[in-house]
Amino acid sequence: SLSTWFRDYLYIPLGGSKVNKKRQILNTFIIFTVSGFWHGANWTFILWGVMNALYFMPLLLFNKNRKNIDIVSANKFLPSIKEFFQILFTFFLTILAWIMFRATNVSEAFYIYGEIFSSTLFEFPGILVTKKTTISFILIFVFIEWLQRDKNHALEIDGFFESLFNKYNFSFINIPMIIRWAIYFIIIFVISFYGRTENEFIYFQF
(Lines give C-alpha, C1' and ligand atoms only; values in the text may rest on other atoms or scores of the structure.)
Protein backbone atom coordinates (compact mmCIF):
# COMPACT_ATOMS: atom_id res chain seq x y z
CA SER A 1 0.00 0.00 0.00
CA LEU A 2 0.98 3.65 -0.25
CA SER A 3 1.64 3.99 3.48
CA THR A 4 3.99 1.00 3.61
CA TRP A 5 5.79 2.28 0.50
CA PHE A 6 6.42 5.64 2.20
CA ARG A 7 7.55 3.83 5.33
CA ASP A 8 9.99 1.51 3.53
CA TYR A 9 11.39 3.89 0.91
CA LEU A 10 11.22 7.29 2.58
CA TYR A 11 10.64 7.22 6.34
CA ILE A 12 13.17 4.49 7.20
CA PRO A 13 15.90 5.85 4.87
CA LEU A 14 15.43 9.25 6.57
CA GLY A 15 16.23 7.59 9.87
CA GLY A 16 12.73 6.71 10.98
CA SER A 17 12.27 6.89 14.73
CA LYS A 18 15.92 6.08 15.48
CA VAL A 19 16.96 9.73 15.40
CA ASN A 20 16.61 12.61 17.83
CA LYS A 21 13.25 14.27 18.46
CA LYS A 22 13.88 17.26 16.17
CA ARG A 23 14.76 14.97 13.28
CA GLN A 24 11.69 12.82 14.01
CA ILE A 25 9.52 15.92 13.74
CA LEU A 26 11.20 16.90 10.46
CA ASN A 27 10.82 13.35 9.08
CA THR A 28 7.13 13.32 10.00
CA PHE A 29 6.47 16.58 8.16
CA ILE A 30 8.45 15.36 5.15
CA ILE A 31 6.46 12.12 4.97
CA PHE A 32 3.04 13.74 5.27
CA THR A 33 3.91 16.61 2.92
CA VAL A 34 5.22 14.25 0.25
CA SER A 35 2.13 12.04 0.65
CA GLY A 36 0.03 15.15 -0.02
CA PHE A 37 2.14 16.07 -3.07
CA TRP A 38 1.74 12.50 -4.35
CA HIS A 39 -2.00 13.14 -4.76
CA GLY A 40 -1.50 16.16 -6.99
CA ALA A 41 0.42 19.36 -7.61
CA ASN A 42 -2.02 21.57 -5.75
CA TRP A 43 -1.57 23.49 -2.53
CA THR A 44 -4.71 21.84 -1.15
CA PHE A 45 -2.99 18.44 -1.16
CA ILE A 46 0.19 19.87 0.37
CA LEU A 47 -1.77 21.53 3.17
CA TRP A 48 -3.77 18.33 3.67
CA GLY A 49 -0.49 16.53 4.33
CA VAL A 50 0.74 19.29 6.66
CA MET A 51 -2.53 19.20 8.62
CA ASN A 52 -2.14 15.46 9.17
CA ALA A 53 1.45 15.99 10.30
CA LEU A 54 0.25 18.59 12.82
CA TYR A 55 -2.39 16.15 14.08
CA PHE A 56 0.37 13.63 14.70
CA MET A 57 2.66 16.02 16.57
CA PRO A 58 1.13 15.67 20.10
CA LEU A 59 1.52 11.89 19.92
CA LEU A 60 5.12 12.22 18.77
CA LEU A 61 6.10 14.93 21.27
CA PHE A 62 4.62 13.06 24.23
CA ASN A 63 5.81 9.63 23.04
CA LYS A 64 2.28 8.25 22.70
CA ASN A 65 2.35 7.37 19.02
CA ARG A 66 2.64 3.67 19.84
CA LYS A 67 0.31 3.63 22.85
CA ASN A 68 -3.02 3.94 21.07
CA ILE A 69 -2.96 1.13 18.55
CA ASP A 70 -5.37 -1.31 20.21
CA ILE A 71 -8.95 -1.84 19.06
CA VAL A 72 -11.17 0.72 20.79
CA SER A 73 -13.67 -0.79 23.24
CA ALA A 74 -12.45 -4.29 22.51
CA ASN A 75 -15.02 -6.97 23.48
CA LYS A 76 -17.56 -4.27 24.34
CA PHE A 77 -20.70 -3.40 22.41
CA LEU A 78 -20.58 0.33 23.19
CA PRO A 79 -17.66 2.70 23.90
CA SER A 80 -17.26 4.53 27.17
CA ILE A 81 -18.24 8.21 27.37
CA LYS A 82 -14.58 9.19 27.13
CA GLU A 83 -14.00 6.93 24.12
CA PHE A 84 -17.15 8.23 22.45
CA PHE A 85 -15.97 11.83 22.59
CA GLN A 86 -12.45 10.82 21.54
CA ILE A 87 -13.95 9.16 18.45
CA LEU A 88 -16.03 12.25 17.66
CA PHE A 89 -13.02 14.54 18.08
CA THR A 90 -10.85 12.37 15.84
CA PHE A 91 -13.59 12.26 13.20
CA PHE A 92 -14.00 16.04 13.41
CA LEU A 93 -10.28 16.65 12.84
CA THR A 94 -10.26 14.15 9.99
CA ILE A 95 -13.12 15.78 8.07
CA LEU A 96 -11.49 19.19 8.50
CA ALA A 97 -8.44 17.82 6.71
CA TRP A 98 -10.58 16.16 4.02
CA ILE A 99 -12.26 19.47 3.26
CA MET A 100 -8.83 20.78 2.30
CA PHE A 101 -8.20 17.62 0.26
CA ARG A 102 -11.46 17.85 -1.71
CA ALA A 103 -11.57 21.61 -2.25
CA THR A 104 -10.72 22.96 -5.69
CA ASN A 105 -8.31 25.48 -4.20
CA VAL A 106 -7.22 26.84 -0.83
CA SER A 107 -9.62 29.80 -1.01
CA GLU A 108 -12.55 27.46 -1.45
CA ALA A 109 -11.42 25.36 1.51
CA PHE A 110 -11.19 28.38 3.80
CA TYR A 111 -14.58 29.58 2.57
CA ILE A 112 -16.06 26.23 3.67
CA TYR A 113 -14.27 26.49 7.02
CA GLY A 114 -15.73 29.98 7.43
CA GLU A 115 -19.23 28.68 6.72
CA ILE A 116 -18.79 25.84 9.22
CA PHE A 117 -17.49 28.03 12.04
CA SER A 118 -20.29 30.58 11.79
CA SER A 119 -23.63 31.03 13.49
CA THR A 120 -25.00 28.21 11.33
CA LEU A 121 -22.91 25.81 13.40
CA PHE A 122 -25.63 25.96 16.06
CA GLU A 123 -28.56 25.56 13.68
CA PHE A 124 -30.43 22.31 13.14
CA PRO A 125 -29.01 20.71 9.96
CA GLY A 126 -31.73 20.61 7.33
CA ILE A 127 -30.14 17.59 5.66
CA LEU A 128 -31.45 15.44 8.51
CA VAL A 129 -34.94 16.21 7.24
CA THR A 130 -34.45 16.39 3.48
CA LYS A 131 -32.03 13.45 3.15
CA LYS A 132 -33.56 10.87 5.46
CA THR A 133 -32.63 7.96 3.20
CA THR A 134 -29.03 9.11 2.94
CA ILE A 135 -28.76 9.62 6.69
CA SER A 136 -30.28 6.18 7.29
CA PHE A 137 -27.67 4.51 5.10
CA ILE A 138 -24.88 6.48 6.79
CA LEU A 139 -26.07 5.27 10.20
CA ILE A 140 -26.20 1.69 8.95
CA PHE A 141 -22.67 1.95 7.56
CA VAL A 142 -21.38 3.51 10.78
CA PHE A 143 -22.98 0.66 12.74
CA ILE A 144 -21.37 -1.96 10.50
CA GLU A 145 -18.00 -0.20 10.71
CA TRP A 146 -18.27 -0.24 14.49
CA LEU A 147 -19.14 -3.94 14.64
CA GLN A 148 -16.28 -4.74 12.24
CA ARG A 149 -13.68 -2.50 13.88
CA ASP A 150 -11.49 -5.48 14.78
CA LYS A 151 -11.41 -6.72 11.17
CA ASN A 152 -9.20 -5.68 8.27
CA HIS A 153 -12.14 -3.87 6.67
CA ALA A 154 -15.88 -3.45 7.21
CA LEU A 155 -16.87 -5.88 4.46
CA GLU A 156 -14.80 -8.74 5.81
CA ILE A 157 -17.91 -10.81 6.24
CA ASP A 158 -16.44 -14.30 6.65
CA GLY A 159 -17.21 -15.30 10.20
CA PHE A 160 -18.91 -11.94 10.81
CA PHE A 161 -22.14 -13.28 12.23
CA GLU A 162 -20.47 -16.07 14.12
CA SER A 163 -17.98 -13.74 15.79
CA LEU A 164 -20.69 -11.16 16.46
CA PHE A 165 -23.04 -13.59 18.18
CA ASN A 166 -20.22 -15.37 20.01
CA LYS A 167 -18.88 -12.03 21.24
CA TYR A 168 -22.22 -11.08 22.74
CA ASN A 169 -23.16 -14.54 24.02
CA PHE A 170 -25.52 -15.56 21.22
CA SER A 171 -23.42 -18.52 20.11
CA PHE A 172 -26.51 -20.70 19.75
CA ILE A 173 -27.59 -18.73 16.64
CA ASN A 174 -26.54 -20.25 13.33
CA ILE A 175 -26.72 -18.03 10.25
CA PRO A 176 -27.33 -20.15 7.13
CA MET A 177 -25.54 -19.36 3.91
CA ILE A 178 -28.76 -18.26 2.18
CA ILE A 179 -29.03 -15.29 4.57
CA ARG A 180 -25.40 -14.45 3.94
CA TRP A 181 -25.96 -14.33 0.18
CA ALA A 182 -29.21 -12.43 0.65
CA ILE A 183 -27.19 -9.68 2.32
CA TYR A 184 -24.81 -9.60 -0.65
CA PHE A 185 -27.71 -9.14 -3.07
CA ILE A 186 -29.28 -6.44 -0.90
CA ILE A 187 -26.00 -4.50 -0.95
CA ILE A 188 -25.75 -4.87 -4.74
CA PHE A 189 -29.37 -3.74 -5.16
CA VAL A 190 -28.91 -0.68 -2.95
CA ILE A 191 -25.75 0.36 -4.80
CA SER A 192 -27.44 -0.11 -8.19
CA PHE A 193 -30.67 1.65 -7.22
CA TYR A 194 -29.21 4.66 -5.41
CA GLY A 195 -26.04 4.98 -7.46
CA ARG A 196 -27.62 5.93 -10.78
CA THR A 197 -25.73 9.21 -11.18
CA GLU A 198 -22.25 8.77 -12.57
CA ASN A 199 -19.50 10.12 -10.34
CA GLU A 200 -15.88 9.79 -11.35
CA PHE A 201 -13.77 7.98 -8.79
CA ILE A 202 -11.63 10.64 -7.09
CA TYR A 203 -8.32 8.83 -7.70
CA PHE A 204 -8.91 8.75 -11.47
CA GLN A 205 -7.74 12.38 -11.60
CA PHE A 206 -4.26 11.59 -10.25
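These are my notebook entries on what I looked up in a predicted model of a protein.

**Entry 1. Overall make-up**

I began with the secondary structure. The protein contains nine helices and zero strands. Read from the N terminus, its elements follow the order α-α-α-α-α-α-α-α-α. I then looked up burial and found that 22% of the 206 residues in the protein are buried. I also looked up the contacts between residues at least 6 apart in sequence, and 52% of these join residues at least 24 apart.

**Entry 2. Helix 4 against helix 5**

Two packed helices are described by the angle between their axes and the distance between the axes. I looked up both values for helix 4, which covers residues 81–102, and helix 5, which covers residues 106–116. The angle is about 145 degrees, and the axes lie 8 Å apart.

Which residues make the contact? From helix 4 they are L96, A97, I99 and M100, and from helix 5 they are A109, F110, I112, Y113 and I116. I sorted the residues of this contact by class and recorded nine nonpolar, no polar and no charged.

Setting aside residues up to four places away in sequence, L96 touches M51, Y55, Y113 and F117.

**Entry 3. The largest nonpolar core**

I next looked up the largest nonpolar core, which has 11 residues in all. Its members are F45, W48, M51, L96, A97, I99, M100, F101, A103, A109 and Y113. Helix 3, helix 4 and helix 5 each supply at least two residues of this core. Which helix gives the most? Helix 4 does, with five residues.

**Entry 4. The largest pocket**

Rolling a probe the size of a water molecule over the atoms shows where empty space is left. I turned to the pockets for this reason.

The largest pocket has a volume of about 1,000 Å³. Its lining consists of 24 residues, and those nearest its centre are L59, N68, Q86, I87 and T90. Helix 3 (43–61) and helix 4 each supply at least two residues of the lining. The largest share, 10 residues, comes from helix 4. By class, I recorded 15 nonpolar, five polar and four charged residues in this lining.

**Entry 5. The second largest pocket**

The second largest pocket holds about 820 Å³ of space. It is lined by 18 residues, with I87, L88, F91, V142 and F143 nearest its centre.

Which helix has the largest share here? It is helix 7, with six residues. The lining divides into 15 nonpolar, no polar and three charged residues.

I looked up T28, which lies in helix 2 (residues 21–39). Its relative accessibility is 4%, so T28 counts as buried, the cut-off being under 20%. Apart from its neighbours within four places in sequence, T28 is in contact with A53, F56, M57 and L60.

I then looked up G49 in helix 3. Is G49 buried or exposed? G49 counts as buried because its relative accessibility is 0%. With neighbours within four places in sequence left aside, G49 is in contact with F32 and T33. I also noted the separation of the C-alpha atoms of G49 and H39, which is 9.8 Å for residues 10 apart along the chain.

Most residues other than glycine have a negative phi, and most peptide bonds are trans. I therefore looked up residues that depart from the rule for phi.

S73 has a positive phi, near 50 degrees, and is not a glycine. N75 is likewise not a glycine, and its phi is positive at about 60 degrees. S73 is placed in the loop between helix 3 and helix 4, and N75 lies in the loop between helix 3 and helix 4 as well.

Are they buried or exposed? S73 counts as buried because its relative accessibility is 3%. N75 counts as exposed because its relative accessibility is 65%, the cut-off for exposed being over 50%.

How values were computed
Residues numbered from 1 in each chain as written. Predicted model: local features only at pLDDT ≥ 70, side-chain atom pairs only at ≥ 80, totals over all residues. Heavy atoms only, no water. Axes fitted to C-alpha atoms, helices over the stretch in contact; angles between N-to-C directions. Helix = DSSP H or I, 4+ residues; strand = E, 2+ residues; numbered from the N terminus. Contact = heavy atoms within 4.5 Å. Nonpolar A, V, L, I, M, F, W, Y, C, P; charged D, E, K, R; others polar. 1 Å grid on protein atoms, 1.4 Å probe; cavity = no way out; pocket = protein on both sides within 12 Å on 5 of 7 lines; lining within 4 Å. Points joined across faces, edges and corners; volume = space filled by probe spheres on them. Buried < 20%, exposed > 50% of the residue type's maximum accessible area, 1.4 Å probe, protein only. Core = buried A, V, L, I, M, F, W, Y, C linked by side-chain atoms within 4.5 Å.
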